[in-house]
Amino acid sequence: MQVKTALSRAEDRSLAASTDFRKAREDNDTLQRLLDQYKKDVDFQKKLREIEMSKKHELEIEKRRLQNEALSKEIEARSALQSLERVKDSHGQLLGDRVQLDDELNALRQHAEVLETQNMSLHNELERFVDTDTVVRRELDRKPIVDYIKAKNNDCLLYTSPSPRDLSTSRMPSSACKKKKKKK
């Protein structure tokens, strides 16, 4: 019986060892599954960190690009603002120039009106002068008087000139010119 008991104890121990072994194996399988799950979780965490780092890097690049774009837009806006200020200044100056030119134009128009009035006055005065000159010329026309005096002198010369035969005597006394004057 001792053998049976020992055998029974050995079987019990074998059975207990087999149960412990099974339990250990199950625990080992559970641990292996947990370890596999842990490795998967670690790999997943690693991939998440890589994705996160990649996204962070992409976001950083996008942030820099947007900052550069914003800076470029700000520079463009400042340049446009400066151009606008220059245009405003130029526009103000042009408006001032325009006012000055309008004033000059009005002054020139007034001057032209004054000159036109003076021109009309001078034209009228010239017409009066021409009319007066025509009247004076008509009234002081000396040609008929000169022709009359020449004819008179010629008549006197005819009678008072010496004869071709006698150079010392004239054909008509000087009193003949006076008589001839009276006849005319």
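**Salt bridges along a helical chain**

Asp102 and Arg98 are four residues apart in helix H1, and therefore about one helical turn separates them. Helices here are DSSP runs (H or I, at least four residues), as strands are (E, at least two), and both are numbered from the N terminus. The side chains of Asp102 and Arg98 meet in a salt bridge, at 3.7 Å from N to O. The term salt bridge stands for a side-chain nitrogen of Lys or Arg within 4 Å of a carboxyl oxygen of Asp or Glu. As background, side chains of opposite charge can pair when their charged atoms come close.

The model is predicted: local features need pLDDT of at least 70, side-chain atom pairs count only at pLDDT 80 or more, and totals for chains, interfaces and linings use all residues. Residues are numbered from 1 along each chain as its sequence is written, and side-chain values use heavy atoms, with hydrogens and water left out.

How exposed are the two partners, Asp102 and Arg98? Asp102 has 32% relative accessibility and so counts as partly exposed, whereas Arg98 is exposed because its relative accessible area is 55%. In these terms, buried means under 20% relative accessible area, exposed means over 50%, and partly exposed lies in between (1.4 Å probe, protein chains only).

In total, the structure holds five salt bridges. One of them joins Arg78 to Glu74, with the closest N and O atoms 2.4 Å apart. Both Arg78 and Glu74 belong to helix H1, where they sit four residues apart, about one turn of the helix. Arg78 counts as exposed because its relative accessibility is 51%, while Glu74, at 37%, counts as partly exposed.

Arg65 also forms a salt bridge, here with Glu62, and the closest N and O atoms are 2.5 Å apart. Arg65 and Glu62 lie three residues apart in helix H1, again about one turn of the helix. Arg65 is partly exposed because its relative accessibility is 41%, and Glu62 is partly exposed because its relative accessible area is 31%. A network of salt bridges links Glu62, Arg65 and Glu69.

Leu35 lies in helix H1, which covers residues 2-139, and counts as partly exposed because its relative accessibility is 38%.

What does the chain as a whole contain? There are three helices and zero strands, so that the order from the N terminus on reads α-α-α under the DSSP assignment. Buried residues make up 4% of the 184 residues. The chain exposes about 17100 Å², of which carbon and sulfur atoms supply 57%. Accessible areas come from the Shrake-Rupley method with a 1.4 Å probe; for residues, only the protein chains shown count as cover.

Finally, the confidence of the prediction can be followed along the chain. The mean pLDDT (the predictor's confidence in each residue, from 0 to 100) is 82 for the chain, and 84% of its residues reach 70 or more. Over residues 179-184 pLDDT stays under 50, and the model has seven contacts (heavy atoms within 4.5 Å) beyond four places in sequence for them.
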